[in-house]
Amino acid sequence: MRLSEEERDILAGKLGPVPRLALEHQVKVGDFFGAEDCVAVTQAHVMADTESLGEAGVRWLERLAAEKEGRRRVRIPTITDPRGTDFARAAFLGQTRAMVSLEERVVGALVKLGVMMTDTCINYQTVQPATLNEHVAFGDTGVVIYSNSVCGARSNFEGGPSALAAGLTGRTPRYGFHLEAKRRATLAVRVDFTPKSLNEWGALGGVIGRLAGHYWAVPLVEGLEASPGSDAFKHFGAAMASFGSIALFHMPGVTPEARRRADVAPDPLPQVGVTRADIEALEKSYRQDDAVDVVVFSAPQLSLLELAELAAQCDGRRFAVPLLAVTSPQVKPDADRMGYTATIEAAGGTVLSGMCFYQSYAREIAEAKGWKRLATNSAKLVNILGGYGYLPMLASMEQCVEAARTGRLK
Amino acid sequence: MIELHARHAIGSPVTGHALVARDGFSARYDLDRVQGIFSRPAHKLAGESYVGKVLVLDTAKGGVASSWMLHEMASRGVAPLALVFNSVNPILVQGAAFGDIPMLAGFDGDITALVPNGAQVTIEPQKRVLRILQV
């Protein structure tokens, strides 16, 4: 990689060991991908839940945080993805003191590094969305695909260590979706129906993710001429990223880089079709039981609008099985203030904040609570939780709420 | 001896037995990292131990967690010996760099068809080479 004078100084340790370590890591990754140089980024978003970090990752963060004040802080606004717990509800979730202690240590270390503990995977709805052509280093696949596609920003998937490195150096290697040429569509997907609910948008994203199949694929999605809104795009993108590792899609006339098809697809593309039967088949493939142990709304965290809709559906009901709704620390106070939390909890549900279900020791929660058959309206969540020993089932918010009331998913 | 050349590489040389499948890889979605086995029921290697193996798979899947998780698995000695993929996403590369796990990616042909399951292989990232020593 071509390095600037400042970057050479960082690597020489003139700014201390923390930025040197960060840039050394970035150069290794940049060299792998043949990056020519680094690009300045305006924000970083760090995934650092302790189920992923383990003791080893926590110690690594603590070593960085032990550097003296003035030589350890991030250089650009650096925010966090969800924590591995809602500290106020850890006992309810069956989480152990050891898990909570690891989380507390991570918070302590990240704060010393100057990181803002936003604990959200919907920062584009709650903190500050990235803007057209803005280079960022975001570290949640749902955040990246939304920011790249819906906002027109430029980010690769940045894992926790890399996103933190970007925060510490204010730059990232220029490869992948920072390059114009990599942002062109690679296949056209024609959809012959318009999803109606968030679970259908998620299922459609999942089907397209599977079809596209890998990180470097950029689907051009046609047949959906009107914007479905932020929450639908959130589920659509998060599922596409989850099922297919996709980081960017275009929708002509809707997403900002594709005002016209030719803007992102100057040449003919391989074409595939997706029908309603394809998303029904995906949903059906997860229907292994009709009994439900727990209902979870999470992944991504719920917006205020989703919580409002959920509260309306919970109003006056009484649940037979636990119902969890997970949101961000930015949304939770509004949900409290507007009475949504009280309505959901009066029905027997629980509103959690600052965590995400699958990032919060989901396997251990299953064992502690005896939860196996899980209903959700998140296609991303059903894709993930199979590996954690759950039987996850995908259904609409309305069906999930009814399942919480009866213990059966219709 | 068959020699296969990769377009991208990172890490130090290793020799070990290959565990091969035409399937994807995500540390969070696919693994029981405590037991060191593939745990997602639909994965072609479900139930198989990956510890100390040269994992030969098609492509990287899933989320950003793998970059922390490879480091964490390596710290407990329950990591793959090396990762060999047809294509990778940045997360796995960042994880290989952070966890100090050798990786090769990008071959002429499908690497999951070129390397027999169980074969003894050597990886030399500096030369971007995988050698099949014994089938």
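Predicted model: local features only at pLDDT ≥ 70, side-chain atom pairs only at ≥ 80, totals over all residues.
Most residues other than glycine have a negative phi, and most peptide bonds are trans.

A:Ser245 is found in the loop between H9 and helix H10 (261-264) of chain A. The phi of A:Ser245 is near 65°, again a positive value in a residue other than glycine. A:Ser245 counts as buried because it has 31 C-beta neighbours inside 10 Å. In chain B, a positive phi of about 60° is taken by B:Asp100, which comes just after H3(B). The peptide bond that leads from A:Ala299 to A:Pro300 is cis, its omega being near 0°. A:Pro300 belongs to strand E8 (residues 294-302) of chain A.

The overall form of chain A was considered next. Chain A contains 17 helices and 12 strands. Its C-alpha trace spans about 65 × 55 × 35 Å along the principal axes. The radius of gyration of chain A is 21 Å, which agrees with a compact globule, because a globule with 410 residues would have a value near 22 Å. Of the 410 residues in chain A, 56% are buried. Among the contacts in chain A with a separation of 6 or more, 78% are accounted for by residues 24 or more positions apart.

Chain A is divided into domain 1 (5-180), domain 2 (184-283) and domain 3 (286-406). The C-alpha centres of domain 2 and domain 3 of chain A are 26 Å apart. Across this boundary, 15 residues of domain 2 of chain A are in contact with 17 residues of domain 3 of chain A. On the side of domain 2 that touches domain 3, helix H8 (198-212) and H9 of chain A each supply at least two residues. H9(A) gives the largest share of that side, seven residues. By residue class, the side of domain 2 of chain A that touches domain 3 of chain A divides into five nonpolar, seven polar and three charged residues.

In soluble globular proteins, nonpolar side chains tend to be buried together. Residues up to four places away in sequence being left out, B:Val56 touches B:Ala18, B:Leu19, B:Val20, B:Val84, B:Ile111, B:Thr112 and B:Val115.

Another covered element of chain B is helix H3 (residues 90-99), in which 10 of 10 residues are buried. The buried residues of H3(B) include B:Ile91, B:Leu92, B:Val93 and B:Phe98, together with B:Gln94.

The contact between the chains takes 28 residues from chain A and 33 residues from chain B. On the side of chain A that touches chain B, two or more residues are given by each of helix H2 (17-32), helix H3 (50-65) and helix H7 (160-169) of chain A. H3(A) gives the most to this side, with five residues. The residues on the side of chain A that touches chain B comprise 10 nonpolar, 16 polar and two charged.

A:Arg171 is located in strand E4 (residues 171-173) of chain A. A:Arg171 is buried, because 24 other C-beta atoms are within 10 Å. Its neighbours within four places in sequence left aside, A:Arg171 is in contact with A:Cys38, A:Val39, A:Ala40, A:Val41 and A:Ala166. A:Gly205 is 34 residues apart from A:Arg171 along the chain, and the C-alpha atoms of the two are separated by 30 Å.

Note on methods:
Residues numbered from 1 in each chain as written. Chains lettered and ligands numbered in written order. Contact = placed C-beta atoms within 7 Å. Helix = DSSP H or I, 4+ residues; strand = E, 2+ residues; numbered from the N terminus. Nonpolar A, V, L, I, M, F, W, Y, C, P; charged D, E, K, R; others polar. Buried ≥ 20, exposed ≤ 12 C-beta atoms within 10 Å, placed from the backbone. Domains from an automatic or database assignment. Rg over C-alpha atoms; globule rule 2.2 N^0.38 Å.
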